[in-house]
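Work through these exercises with the sequence and the model side by side. Each task is followed by a solution in steps.

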Amino acid sequence: MAATKKKAVRKAKKGERIRQVAAIPFRLTARGAIEVMLVTSRTTRRFIVPKGWPMKGKSGRKAATIEAQEEAGVLGKTLKQPAGTYSYWKRLANRFVRVDVIVYLLEVSEELADWQEAKRRQRAWLAPADAAMLIDEPDLSTLVKTLKIPQPLPVDQA
């Protein structure tokens, strides 16, 4: 278990809220419509967005970018400003804890054929409204359904 996850679990045991970072990978179709990528979770196989614990020495945006590469096999530019936040109940070994998630948009430039968690996850490109229907977390579902991509996309988004 990573040190940051251990620290988060300790905080949760004290009743403190803990946080994660997530990415919503997106692309624009030839017609200019937005599509988002969802991935399945490893244990429950529900559709989610790539997310994980903050990483020591890395910004939330950078950590979200790394999670998207590891969990969804996508590379691209993560926008500087978070797209929003949501909360959910995370299942730990013997309890549930409330987790606040900061979400970043990642403009996908490349989809990898093979990636770190390819054997444990499935991924799917969907219209935001369709993706929202598949997501169990109500706050995340609303965020995806009402997704707005900044126009024009910021130049400095690395």
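**Exercise 1. Strand 7 and its partners**

Which residue is the bridge partner of Val74 in strand 7? Then set out the strands that pair with strand 7.

Solution. 
- Step 1. The model is a predicted one.
- Step 2. The bridge partner of Val74 in strand 7 is Glu111.
- Step 3. Strand 5 covers residues 74–78, and its pairing with strand 7 is antiparallel, over five bridges.
- Step 4. Turn to strand 6, residues 84–91. Eight bridges join strand 6 to strand 7, and the two run antiparallel.
- Step 5. Look at the connection. Four residues make the hairpin between strand 6 and strand 7.
- Step 6. Strand 1 pairs with strand 7 (residues 96–111) in the parallel sense, over nine bridges. Pro25 stands opposite Leu106 of strand 7.

**Exercise 2. The overall layout**

How many helices and how many strands does the protein have, and in what pattern do they follow one another?

Solution. 
- Step 1. Count the elements: there are four helices and eight strands.
- Step 2. Read along the sequence. The pattern is α-β-β-β-β-α-β-β-β-β-α-α.
- Step 3. Check burial. Of the 158 residues in the protein, 43% are buried.

**Exercise 3. A salt-bridge network**

Which residues are linked with Glu71 in a network of salt bridges?

Solution. 
- Step 1. Arg42, Glu117, Arg120 and Arg121 are linked with Glu71 in the network.
- Step 2. Take the contact between Glu71 and Arg121. This salt bridge has an N to O distance of 3.5 Å.
- Step 3. Glu71 lies in helix 2, while Arg121 lies in the loop between strand 7 and strand 8 (123–126), so the pair ties together parts 50 residues apart in sequence.
- Step 4. Both Glu71 and Arg121 are buried.
- Step 5. Now take Glu117 and Arg120. Their closest N and O atoms are 4.0 Å apart, in a salt bridge.
- Step 6. Glu117 has a relative accessibility of 5%, so Glu117 is buried. Arg120 is partly exposed, because its relative accessible area is 41%.

**Exercise 4. Positive charge on the surface**

Which residues gather with Lys56 in a patch of positive charge, and where in the chain is Lys56?

Solution. 
- Step 1. Lys56 sits in the loop between strand 4 (51–52) and helix 2 (60–72).
- Step 2. Is Lys56 buried or exposed? Exposed means over 50% relative accessible area. Lys56 has 80%, so Lys56 is exposed.

**Exercise 5. Two single residues**

What is phi of Arg45, and where is Arg45 found? Then place Ile149 in the chain and classify its burial.

Solution. 
- Step 1. Phi of Arg45 is near 65 degrees, a positive value in a residue other than glycine.
- Step 2. Arg45 is in the loop between strand 2 (34–40) and strand 3 (47–48).
- Step 3. Arg45 is partly exposed, because its relative accessibility is 39%.
- Step 4. Move to Ile149, in the segment after helix 4 (138–145).
- Step 5. Buried means under 20% relative accessible area. Ile149 has 9%, so Ile149 is buried.
- Step 6. Finish with a distance. The C-alpha atoms of Ile149 and Phe26 are separated by 9.0 Å, and the two residues are 123 residues apart along the chain.

Terms used
Residues are numbered from 1 along each chain as its sequence is written. This is a predicted model: local features need pLDDT of at least 70, side-chain atom pairs count only at pLDDT 80 or more; totals for chains, interfaces and linings use all residues. Side-chain values use heavy atoms; hydrogens and water are left out. Buried means under 20% relative accessible area, exposed over 50%, partly exposed in between (1.4 Å probe, protein chains only). Two strands pair if DSSP finds at least two bridges between them. A salt bridge is a side-chain nitrogen of Lys or Arg within 4 Å of a carboxyl oxygen of Asp or Glu.
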